[in-house]
Amino acid sequence: MNKSIVVVDCDDPLLAEEICAALADYSEVEAVLPADSRAHAAQYASCWFPDPLLLTRSPNLKLVQAASAGVDHLPEALFRSEIPLCRVVDDNFRHGMFEYALWGVLHFQRYFDRAIHHQQQKHWQLYPQRSSNMFKVGIMGLGEIGSYLARQFALLGYAVSGWARSEKSLEGVTCFAGEGQLDAFCDQLDVMINVLPLTAQTRGIIASPLLSKLPQGAALINCGRGAHMVNSEVTAALDCGQLSGALIDVFPVEPLPDNDPMWTHPKVIVTPHMASSAQVSVIVTQLIDNIERIQQQRPLRHQVNKDHGY
């Protein structure tokens, strides 16, 4: 039986190597890199920031599977094509995002940001302790990841609100939806965590109009997408005190340029797109599962709505 060819197209060579090595355990497929002549005949693709000409270089694709939860890094032509697009849904990935967000929430809730600043000044100062039920956490985006974060924070006793483009209902979470309820969502927050999908409607959303809706002194955690954020306007909000601090994992340009003021801003923690990542074993098993589903004409798992972009 002829093997199915999977082109592994990632801008991270180490990730591509790991995916290819994991796929070698499956005798029914053969993994190749884009430079391999066999990539032209590939029926399936596993991608992370692939070549924009992916569909031209591999015109026989029956499925593209993102090696991630998000799909905004994939070529625009793919969203206009009829090729099914799927993403990775991983419980460990979701929990990794929660761990990152919890670190950020505790950093601001317990005034660790101020303690670190005062250490540099050799200044000893105590701060009042704020309990979790008095600290208001807002989650921007209530999809797979955002809903998980909201529920976990609620279980820890935090006062949790969530905002999404469409109506949601989560136990222990005050949910808001649509532009008409955005002001009410922002109004009382101590920290806002962004995990929105990147769409035409959410691109550039973390900017002055949104930040001005927050109470003065609120904090920002962005572990969604870099293109959600207008760097200069976030910096301006920090400089004027509208934001007390920011933990930022994703940026419009990555790696973050050396001359970007966020590197040295005293109120910013920069992390290198490390909030969470899907395990290679999960990426590969979900890809193989969907390949089998296509071959057996069964519904795909975790298929993306191309109109919505997630």
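This is a predicted model: local features need pLDDT of at least 70, side-chain atom pairs count only at pLDDT 80 or more; totals for chains, interfaces and linings use all residues.
Phe153 belongs to the largest nonpolar core, which has 56 residues. Ile19, Ile139, Leu149 and Ile193 join Phe153 as the residues with the most contacts inside that core. Helix 4, residues 91-109, supplies the largest share of this core, with 8 residues. Another core lies apart from it and has 27 residues, including Met140, Ile205, Leu220 and Val234. As general background, nonpolar side chains in soluble globular proteins tend to be buried together.

Seven strands form an open sheet in the order 8-7-6-9-10-11-12, and their pairing is parallel. Strand 8 (173-177) and strand 12 (268-270) each have a single partner strand, so one side of each is left without a neighbour in the sheet. On average, neighbouring strands of this sheet are turned by 15 degrees against each other, direction ignored. Strand 7, residues 159-164, runs parallel to strand 8 and is joined to it by 5 bridges. Within this pair, serine 161 stands opposite threonine 174 of strand 8.

Finally, consider aspartate 113, which is placed in helix 5, residues 112-120. Aspartate 113 is buried but has no salt bridge. Its nearest side chain of opposite charge is that of arginine 114, 4.9 Å away. Not counting residues up to four places away in sequence, aspartate 113 touches His107, Phe108 and Ser244.

Note on methods:
Residues are numbered from 1 along each chain as its sequence is written. Side-chain values use heavy atoms; hydrogens and water are left out. Helices (H or I, at least four residues) and strands (E, at least two) are DSSP runs, numbered from the N terminus. Buried means under 20% relative accessible area, exposed over 50%, partly exposed in between (1.4 Å probe, protein chains only). Lys and Arg count as positive and Asp and Glu as negative; His and the chain ends are not counted. A salt bridge is a side-chain nitrogen of Lys or Arg within 4 Å of a carboxyl oxygen of Asp or Glu. Contact means heavy atoms within 4.5 Å. Two strands pair if DSSP finds at least two bridges between them. Axes are lines fitted to C-alpha atoms, for helices over the stretch in contact, and angles run from 0 to 180 degrees between N-to-C directions. A nonpolar core is a set of buried Ala, Val, Leu, Ile, Met, Phe, Trp, Tyr and Cys residues joined through side-chain atoms within 4.5 Å.
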